[in-house]
Amino acid sequence: MKVISKSTTEEISWFRLSLLSYLRDSHPGKAADKQFIASRGDAASVAYSQAIKSGHTHDEADEIASQTLYEGLHFSVYRTLVTILWEEFSEETDPAEAEGLAMELLPHLTAVTSKYILS
């Protein structure tokens, strides 16, 4: 039986929780995907540990782990839509309701957003 130290467990949990928080804010459709969160969080933890073992500083290791954790998640159509509603339609849309409205509109924008490679 393999025993995992408490510090390793906290490291893994921190990466998973960090990703979950980010997904809830920027990619709410992915926030319920526990397998995705677990695999990305664990991969980031491994990347961090390997970077430290290779002699990187904690800041450098954190950067390496973040690249693994957030790969492919930098652009958020949802967050962009919320920002547009806040900035361009503030008179028509209550800012407190912008996130809910963005979730309703998002499925209708798939045809438009799928035409563009965003980076």
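Is S18 buried or exposed? Select S18 and keep that question in mind while we get oriented.

**Before you click**

This is a predicted model, in which local features need pLDDT of at least 70 and side-chain atom pairs count only at pLDDT 80 or more, while totals for chains, interfaces and linings use all residues. Residues are numbered from 1 along each chain as its sequence is written, and side-chain values use heavy atoms, with hydrogens and water left out.

**Stop 1: the whole chain**

Show the protein as a cartoon. You will find six helices and zero strands, where helices (H or I, at least four residues) and strands (E, at least two) are DSSP runs numbered from the N terminus. Along the sequence the pattern reads α-α-α-α-α-α. Of the 119 residues, 27% count as buried; buried means under 20% relative accessible area, exposed over 50%, and partly exposed in between (1.4 Å probe, protein chains only).

Contacts are heavy atoms within 4.5 Å. Among the contacts with a separation of 6 or more, 55% join residues 24 or more positions apart.

Now colour by pLDDT, the predictor's confidence in each residue, from 0 to 100. The mean for the protein is 88, and 88% of its residues reach 70 or more. Confidence is lowest in helix α1 (residues 6-26), with a mean of 78, and highest in helix α3 (residues 58-69), with 97. Over residues 1-12 the pLDDT is below 50, and this stretch has six contacts in the model beyond near neighbours in sequence.

**Stop 2: back to S18**

S18 is found in helix α1. Its relative accessible area is 18%, so S18 is buried. Leaving aside neighbours within four places in sequence, S18 is in contact with L69 and Y70.

Next, select Y22, also placed in helix α1. With a relative accessible area of 23%, Y22 is partly exposed. Not counting residues up to four places away in sequence, Y22 touches H27, Y70, L73 and H74. Try the distance tool on Y22 and Y70: their C-alpha atoms are separated by 8.8 Å, although the two residues are 48 apart along the chain.

**Stop 3: the nonpolar cores**

A nonpolar core here is a set of buried Ala, Val, Leu, Ile, Met, Phe, Trp, Tyr and Cys residues joined through side-chain atoms within 4.5 Å. Which members of the largest core touch the most other members? Select F15, L19, L23, F36, I37 and L69, out of 15 residues in that core. Helices α1, α2 (34-53) and α3 each supply at least two residues of this core, and the largest share, five residues, comes from α2.

Centre the view on L19, which touches F36, I37, R40, L69, Y70 and L73, not counting residues up to four places away in sequence. Then move to a second, separate core of six residues, which includes Y78, V82, A98 and A102.

**Stop 4**

Select α2. This helix has 20 residues and reaches 28 Å from its first C-alpha to its last, close to the 28 Å expected at 1.5 Å a residue; the expected span is 1.5 Å times one less than the number of residues. Its buried residues include F36, I37, R40, G41 and Y48. After α2 comes G55, whose phi is positive, near 100°.

Now select α3. Its end C-alpha atoms are 16 Å apart, which agrees with the 16 Å that its 12 residues should span. A61, A65 and L69 are buried in α3. Look down the axis: the buried residues fall within an arc of 80°, so they line one face of the helix (the arc is that of the directions from the helix axis to the C-beta atoms). The face turned away from the buried side carries the exposed residues D59 and Q67.

**Stop 5: the aromatic rings**

Rings of Phe, Tyr and Trp (its six-membered ring) pair if their centres lie within 6.5 Å; planes under 30 degrees apart count as stacked, over 60 as edge-to-face and the rest as tilted. The count comes to three aromatic pairs.

W14, at 49% relative accessibility, counts as partly exposed, whereas F15, at 4%, counts as buried.

F15 lies in α1 and Y48 in α2, so the pair ties together parts that are 33 residues apart in sequence. To finish, select W14, F15 and Y48 together: they form one aromatic cluster.
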